[in-house]
Amino acid sequence: MEEILAYSLAISITIGIYLLLAGGLSLQYGFTGLINFGHVGFFAIGAYGSALLAMQGVPILLSMLAATALAALSAWPLGAVALRLSGHYLAIVTLGFSESVRMVLQKEEWLTRGVHGLPGIPRLFGEWGGRQADWWILASLAIVVPLAFWGIRRIIASPFGRAITAIRDNEVAVQALGKDPASFKTRSLMVGAGLAGLAGAFQAHFLTFIGPEQYVPLITFYVWIAIIMGGVGRLSGVVAGTVLLMGFLEGSRFMGGVIPGVSEVQMASLRIWVIGVGLICTILYFPNGLLQRGKPRSL
């Protein structure tokens, strides 16, 4: 029973972290139309930034806030250069950005310990002890995630939000009205990157160990799958898609003993295959997401 409770706590915390990631990507793509394949790069910046600061004695809360700001600021030069591109060009640039971040984490051993990873990261609420600390981390996410989604909703309902949705729908028309789409898109990218950085900070101080292999492009595509399955441009769809994806990813770990003759390595490949088939079926039968059968809505 204790093991089940501990596992359930860990999964719930992971869902909360992925909800922050998915919320940031939903703002960028679902409401602004930015195809960002490098979201995991901001996730990594937040995780390493907060971990390194905390390991130097900076209070964890300040470390997490600083890492969130660092992730958001790191999106500004990327936006200034890349957001003059569009479509698949932007996707390639952002993917290259995330891989560049991962290469830096691997090669700069003097700062990140390279492929060995960072052990001994101060645990959030660590002074409360193991299980109790987990409950407090989950409680924090239960507050932060709704606040983040409320903030996204307020952004979308503001004049800025109306501008970015107009850019998503018809950028040429926005330019004809004298607006600068690049400025709006850069700010949207920065807000989404900040949420990804905050998610990374939570992950670092929950796991207390991080390494470059945790920030591969597959993480970005997991988040993409979540928002597509739930419904692009709908926050309730982001929640549903994230919970459904994480439930499948974790639940499928126990399929190894159910399917005879399938090794752990083969099971990992089978899980990815099933996710791909599920995504194809979702696009075919629910093109607007599981919670959005008709015309896409803004909220």
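What you see is a predicted model, in which local features need pLDDT of at least 70 and side-chain atom pairs count only at pLDDT 80 or more, while totals for chains, interfaces and linings use all residues. Residues are numbered from 1 along each chain as its sequence is written, and side-chain values use heavy atoms, with hydrogens and water left out.

The largest nonpolar core here has 75 residues, and Leu20 and Ile210 have the most contacts inside it. Its largest share, 12 residues, is supplied by helix 9, residues 181-207, helices being DSSP runs of H or I, at least four residues, numbered from the N terminus.

How far should helix 9 span? At 1.5 Å a residue, multiplied by one less than the number of residues, its 27 residues should span 39 Å, which agrees with the 39 Å between its end C-alpha atoms. Because 23 of those 27 residues are buried, helix 9 is largely enclosed by the rest of the structure. After helix 9 comes threonine 208, with a positive phi near 65°.

Let us return to isoleucine 210. Leaving aside neighbours within four places in sequence, isoleucine 210 is in contact (heavy atoms within 4.5 Å) with several residues, among them Ala47, Tyr48, Leu118, Gln203 and Tyr215.

Terms used: Core = buried A, V, L, I, M, F, W, Y, C linked by side-chain atoms within 4.5 Å. Buried < 20%, exposed > 50% of the residue type's maximum accessible area, 1.4 Å probe, protein only. Helix = DSSP H or I, 4+ residues; strand = E, 2+ residues; numbered from the N terminus.
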